[in-house]
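Please look over the sequence and the structure below before reading on. The report is meant for a reader new to them.

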Amino acid sequence: MTPDIGKIREDFPILQRKINGKPLVYLDNAASTQKPNSVINAISDFYKTSNSNVHRGVHTLSEEASELYENAHLKAIKFIGGNSIEELIFTKNTTESLNIVAKSWGMHNLEKGDEVVMSRMEHHSNLIPWQEVCRKTGASLKFIEMNEDLTLDMEQAEELIGNKTKIVSIVHVSNSLGTLNDIKKLGKLAHENSALINVDGAQSAPHMPVDVKELDCDFFAFSGHKMLGPTGIGALYGKHEHLKEMEPFITGGGMIQEVSYEKAVWDELPWKFEAGTPIIAQAIGFSAAIDYLEKIGMTEIHSYEMRLANYAVDELEKLDGLKIYCPPKESRTGIVSFTLDGIHAHDIASLMNEEGIALRAGHHCTQPLMKMLGIEATARASFYIYNTMEEVDSFIEALKRAKNSFS
Ligand SMILES: Cc1ncc(COP(=O)(O)O)c(C=O)c1O
């Protein structure tokens, strides 16, 4: 069933804003999403009624805060198809989640001769931590190449993933191209070679049903702010067998069972990875965001966004001089990157802004990918559940005007 978008839009106060005298058309959802009232209220209600630190108190407020915080873990793990909060660590964002895998797993499990396999479309947040780990351990990075249609070359992946591979660390949905990668197949290839698979789910978890068990991934990282939640919170799913063996990334209060002057014994999972006062209010906001998404349904969200994106691609394809960097329909998601002959991507975004339309322009934290494609930057429209077909029309019309003004 198509969600009632008009009703959904009423839940997002920011969508009432005007930018340069025009109604806001927010098409920068891959960077960060807007927040519904239920998320904003969950955070402010927490501060108004239950604010306290967690874990350490026996007083009522601390008990309430602890319960809310733990329930947020449960909500997040269930959202991605897991069942135990021991497998769900709250972090600051996807970047921190990916760093935990690289530093806490990679630094202790890789050595010279080992290989880390990734794609050419990785976000810097996945690429750089593994560059660092490889530099320090002597392991090497290997890349799955792309086909001309901007999908992964799975035949080459089969040849590349072998007995030297220790981990495949790969993006689920590319933030620059919108390509949806076949994680299940890559996971199978990794596991057949006794390697692990770590998934950057920053652009998948917010937009489609994700089931970590079905994907059979060893780790899965995502961010709250890209799925209607607040900034400052992300999550890392990890299989119990791995998290149990891994050393914490940071240490300090709140993550120990016992401490002497000489040593410390770590707390149970997931707390051993959550040192210091955690991101309590953000976790509660994140939990409200998950409630909001689940009420609409992730399958419905995905199919509605695909309608928006496919319509946008069809309309963009009609414009002369416009090049779309987007895979075929079967591998496409709600992200549409493009360049326009004779106009720099930043100029496109700034002309769009004059019309109230928020687009992103740049390398989208995938500089090596841009270089490989022979471009400096793209303009990117990325959709979410509150966008409308009319907004796609406004965007296309504004783009035509921008194009004319430069010709
Ligand atoms: C694919 C991908 N990975 C990782 C990140 C990093 O997310 P965060 O900035 O929330 O850590 C992003 C953010 O744009 C992304 O799109």
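## Basis

The structure is a predicted model.

## The open sheet

Seven strands make up an open sheet with mixed pairing. Their order across the sheet is β4-β10-β9-β8-β7-β5-β6. The edge positions are taken by β4 (88–91) and β6 (140–144). Each of these two has a single partner strand, so one side of each is left without a neighbour in the sheet. On average, and with direction ignored, neighbouring strands of the sheet are turned by 20° against each other.

Strands of a sheet pair through backbone hydrogen bonds, in either a parallel or an antiparallel way. For β4 and strand β10 (residues 234–238), the pairing is antiparallel and runs over four bridges. Opposite Leu88 stands Tyr237 in β10.

## Helices α11 and α14

Helix α11 (residues 298–316) and helix α14 (residues 389–406) have axes that come within 10 Å and cross at roughly 25°. An angle under 35 degrees counts as roughly parallel, and α11 and α14 are therefore roughly parallel to each other. Their crossing is right-handed.

On the α11 side, the contact involves Leu308, Tyr311, Ala312, Glu315 and Leu316, which meet Met389, Val392 and Ile396 in α14. Seven residues of this contact are nonpolar, none is polar and one is charged.

Definitions and conventions: Residues are numbered from 1 along each chain as its sequence is written. This is a predicted model: local features need pLDDT of at least 70, side-chain atom pairs count only at pLDDT 80 or more; totals for chains, interfaces and linings use all residues. Two strands pair if DSSP finds at least two bridges between them. Axes are lines fitted to C-alpha atoms, for helices over the stretch in contact, and angles run from 0 to 180 degrees between N-to-C directions. Angles under 35 degrees count as roughly parallel, over 145 as roughly antiparallel, 65 to 115 as roughly perpendicular and the rest as oblique. A crossing is left-handed if the near helix is turned anticlockwise from the far one by less than a right angle, and right-handed if clockwise. Two residues are in contact if their C-beta atoms, placed from the backbone, lie within 7 Å. Ala, Val, Leu, Ile, Met, Phe, Trp, Tyr, Cys and Pro count as nonpolar, Asp, Glu, Lys and Arg as charged, and the others, Gly among them, as polar.
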